[in-house]
Amino acid sequence: MTVSLEQLRRCHVAVDLGAARTRVFVKGAGLVVDEPSVAAVNTRTGALIAVGAFAEKMTGRTPDYIRVVRPVSGGSVVDIDMAQRMLCSLLGEKLRRQLRRKPMLRAAACTPHDSDPLAQRATIETMVGLGARRVELVDTLIAAAVGCGLPIAQPTATMILVCGAATTQVAVLSLGSIVTAERIPIGGDAIDHAVIQYLRHQHELMLPSQSVRPLQLALHGNGLTTQGPSSTEIHGRDVATGLARSVLVDTAAVRQAIHTPLTAVLDGIGKVLRDCPPDLVADLADRGIMMVGGSARLPGLDQMLRNATGMPVQIAERPDVCSVLGLGEMLEGRIEPLTLDPLADAE
């Protein structure tokens, strides 16, 4: 079923349940939650110990009876009960009381492009657990395009690349609808895994998971395809002895390890362009690609896309929150009328 902007304007809260972060937009209050999608649970009692940033810091540092879980994977809820408990804790008691006062609480939520009915149902059940009587599902590509200010209602092509933690979604939009799109199972997590595996195989060094992103940012300014400092000192644990050790890592080799999984993203972009009508591809030669999502800031990724496609590439001003801000604009009626498709709704 399609959802009109009028239906979205009746919603009170918008939620973007991402694999990396959970964001909540409340009508009239703005963005009220922006925390990692992580929860820590006591397996002996079932009690929720921590959520968000504090729970993320506990990753790899807990005793056996404390389990750190991520209830969202690939943009889809995989543990409904834990997702509900995490959301309730992130919202806080005061905000939950405000939402309960709504006689007919309506919620809007992002779903990945071409998500299956079971994934959509899991998202709906999560929102119902918060007290929502009606849930509207909006394609992440549409929400992100609205959030970064793309003129998707016009009869011209706009191309958007949503770089998430678990997946990358790319689409060409025109007249408020998706003309052609592709969902690629490569995201920021795959990039982190590539770096960890390179250090393990080449240097027999185990890198703490929370140190991968700072290592990538250390390459900032060098990019994925340009030359930079010849080596960088990395601290980790020796695979054989288990002792702390430091090694000098060739930054060019690290950039190559990051570059390898991104070839799948380039293949996905190529497929979308091949399936797109020629007239719209001509528009894209001037408009280029808009990058959004938490992994859009990966050093050198934008330059790599420019070199591969020959098109202009821009990074949104606030790429990590574009999806939830786009939902918020729809809730508050700040966009021009258009047909949103594909969307789904359920009670």
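Cysteines. I started with Cys148 and looked for the closest cysteine sulfur, which sits in Cys322, 4.9 Å away. A disulfide needs the two sulfur atoms within 2.5 Å, so this pair is too far apart for a bond. I then ran the search over the whole structure, a predicted model, and got 0 disulfides.

I also checked burial. Cys148 is buried, at 18% relative accessible area; the cut-off for buried is under 20%. Cys163 is buried too, at 4%.

Next I looked up an open sheet of 5 strands and wrote down its order, 13-12-11-17-18, with mixed pairing. Which strands are at the edges? I found strand 13 (177-184) and strand 18 (313-315), each pairing on one side only. Neighbouring strands here are turned by 20° against each other on average, ignoring direction.

I picked one pairing to follow up. Strand 11 (residues 158-163) runs parallel to strand 17 (residues 289-292), and the two pair over 4 bridges. I looked up Met159 and found its bridge partner in strand 17 to be Ile289.

Cores. Met159 came up again in the largest nonpolar core, which has 36 residues. Along with Leu161, Val172, Leu262, Met291, Leu301 and Leu305, Met159 touches the most other members.

For context, nonpolar side chains tend to be buried together in soluble globular proteins.

Conventions:
Residues are numbered from 1 along each chain as its sequence is written. This is a predicted model: local features need pLDDT of at least 70, side-chain atom pairs count only at pLDDT 80 or more; totals for chains, interfaces and linings use all residues. Side-chain values use heavy atoms; hydrogens and water are left out. Buried means under 20% relative accessible area, exposed over 50%, partly exposed in between (1.4 Å probe, protein chains only). Two strands pair if DSSP finds at least two bridges between them. Axes are lines fitted to C-alpha atoms, for helices over the stretch in contact, and angles run from 0 to 180 degrees between N-to-C directions. A nonpolar core is a set of buried Ala, Val, Leu, Ile, Met, Phe, Trp, Tyr and Cys residues joined through side-chain atoms within 4.5 Å.
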